Amino acid sequence: MAYRYNHILIRYGELSLKGKNRNNFIKALYDNVRKALKAFPTLEFEKQHDRMYIYLHDEDSKQVSDILAKVFGISSFSLAIKVEPDLDQIIDACYESLDLTTPKTFKVAARRSDKLFPYISDEINRKVATKILKNSDWKVDVHNPDVKIVVEIHQDAAYIMTDRIQGAGGYPVGVGGKAMVLLSGGIDSPVACYLMMKRGVHIECIHYASPPYTSQNAQEKVMELARLVSGYQGDVLVHVVPFTDLQLAIYQNADESYAITLMRRMMMRIATGLAKKRHAQAIATGESIGQVASQTLESMLAINDVTNMPIIRPVVCMDKVEIIDLSKKIGTYETSILPYEDCCTIFTPKNPVTKPRVDKCEKYEGKWDFDKMVQDCIDNTEDIWVHPVKVEEDLF
């Protein structure tokens, strides 16, 4: 194996559907890729209309690939060897890039974007295959090969690839605006974060803390969840809202059955204020229809009543098993199930109302000056930047 991978070829996928916005999407993806790989200083980047290329130099291709797999907007990518568009060099690169010590089946698939190249695709396939067949025990299988050797020939270079790595898909983060995601310590809200980012939305997170009723461990758990999802965006700003006084005021002035509904209404008011302050266009939550009392359609109607800002619920029609499966896929599940309770869990009433009425909510809220308390929560919010760093398993 005289040749080693020196490039990564990135395919855009869904970006090809974006018409006049395509160039903006490609630029956003290019910027996000560079940001995600900033820890690898010798990388070079090149974007083209239908591909992006990364020149690896001496960087570790596996480490680069692991990070690249989390960047939204990438359909797939391949480790590649770049050579001159010369048939002899192409044949040598294909042959010498393979470990031929173990017999396998293979297929060569050449594509010419440069139609002036003096050999057609079938001729290239045959000449590369002949070299391998004559010098190894490998066999051709055009239907189900163990190894597929892809050769792409352009005017200025040829690329040899033997693997296609699935990308994260979706749109580049940032092209869809900004949203504030309510991040609890549960399973659902980190999944909502992931799905928002996948559709190109840049997120900031809001966490409602109620010390001393919620512990420092509970907040650290939320910060770890933010770190885990931040890898799909580069970093995440978490707004930690001091919610204790407002939460106690709800229990002092309202029937216990309405406490969760009123709590969610206050959260939406605070989230709206923070969204306006941070120039976000929407609020997102991890609510799923019927999962708990505050997530019935009647409850959602009462909660939505306090804001005219769009409220997006990415997991609203997913069942719990689907949400858990996705949380395991993105690596948040094990942290989400750690036994540190958030403010909603600590203060859950025994018999919460499932069909709250807006007029009743307003009647309870009229008993005290909640506007000032909401503003105090906004004014005293602590902003914490979280970055995608690996946390040891015994952190908690």
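Residues are numbered from 1 along each chain as its sequence is written, and side-chain values use heavy atoms, with hydrogens and water left out. In this predicted model local features need pLDDT of at least 70 and side-chain atom pairs count only at pLDDT 80 or more, whereas totals for chains, interfaces and linings use all residues.

**Exercise 1. Identify the residues with the most contacts inside the largest nonpolar core, and state which elements supply that core.**

Step 1. A nonpolar core is a set of buried Ala, Val, Leu, Ile, Met, Phe, Trp, Tyr and Cys residues joined through side-chain atoms within 4.5 Å, where buried means under 20% relative accessible area, exposed means over 50%, and partly exposed lies in between (1.4 Å probe, protein chains only).

Step 2. The largest such core holds 37 residues, and Tyr208, Leu246 and Ile270 have the most contacts inside it.

Step 3. Two or more residues each come from strands S10 (178-182) and S11 (202-209) and from helices H7 (244-253), H8 (259-277), H9 (297-304), H13 (358-365) and H14 (370-379); helices (H or I, at least four residues) and strands (E, at least two) are DSSP runs, numbered from the N terminus. H8 gives the largest share, 11 residues.

Step 4. Contact means heavy atoms within 4.5 Å. Not counting residues up to four places away in sequence, Ile270 touches Tyr208, Val241, Phe243, Leu246, Val374, Cys377 and Ile378. A second, separate core has 33 residues, among them Val191, Cys193, Val229 and Val236.

**Exercise 2. Decide whether Met268 is buried or exposed, and list its contacts beyond four places in sequence.**

Step 1. Met268 is found in helix H8, and because its relative accessibility is 0%, Met268 counts as buried.

Step 2. With neighbours within four places in sequence left aside, Met268 is in contact with Leu182, Ile283, Thr285, Ile303, Val306 and Ile311.

Step 3. As a distance check, the C-alpha atoms of Met268 and His207 are 12 Å apart in space, while the two residues are 61 residues apart in sequence.

**Exercise 3. Find the side-chain polar contacts of Glu287 with Thr285 and Arg313, and describe the surroundings of Glu287.**

Step 1. Glu287 is placed in the loop between strand S13 (282-284) and H9, and counts as buried because its relative accessibility is 1%.

Step 2. A polar contact is a pair of N or O atoms within 3.5 Å; within protein, one must be able to donate a hydrogen and the other to accept it, and residues adjacent in sequence count only if both atoms are side-chain atoms. The side chain of Glu287 makes such a contact with the side chain of Thr285 at 2.7 Å, and with that of Arg313 at 2.6 Å.

Step 3. Beyond four places in sequence, Glu287 touches Arg264, Ser294, Gln295, Met300, Ile303, Arg313, Val315 and Val316.

**Exercise 4. Describe the packing of H7 against H8 by angle, axis distance and meeting residues.**

Step 1. Axes are lines fitted to C-alpha atoms, for helices over the stretch in contact, and angles run from 0 to 180 degrees between N-to-C directions.

Step 2. H7 and H8 pack at an angle of about 145 degrees, with their axes 10 Å apart.

Step 3. In this packing Leu246, Gln247, Ile250 and Tyr251 of H7 meet Ala259, Leu262, Met263, Met266 and Ile270 of H8.
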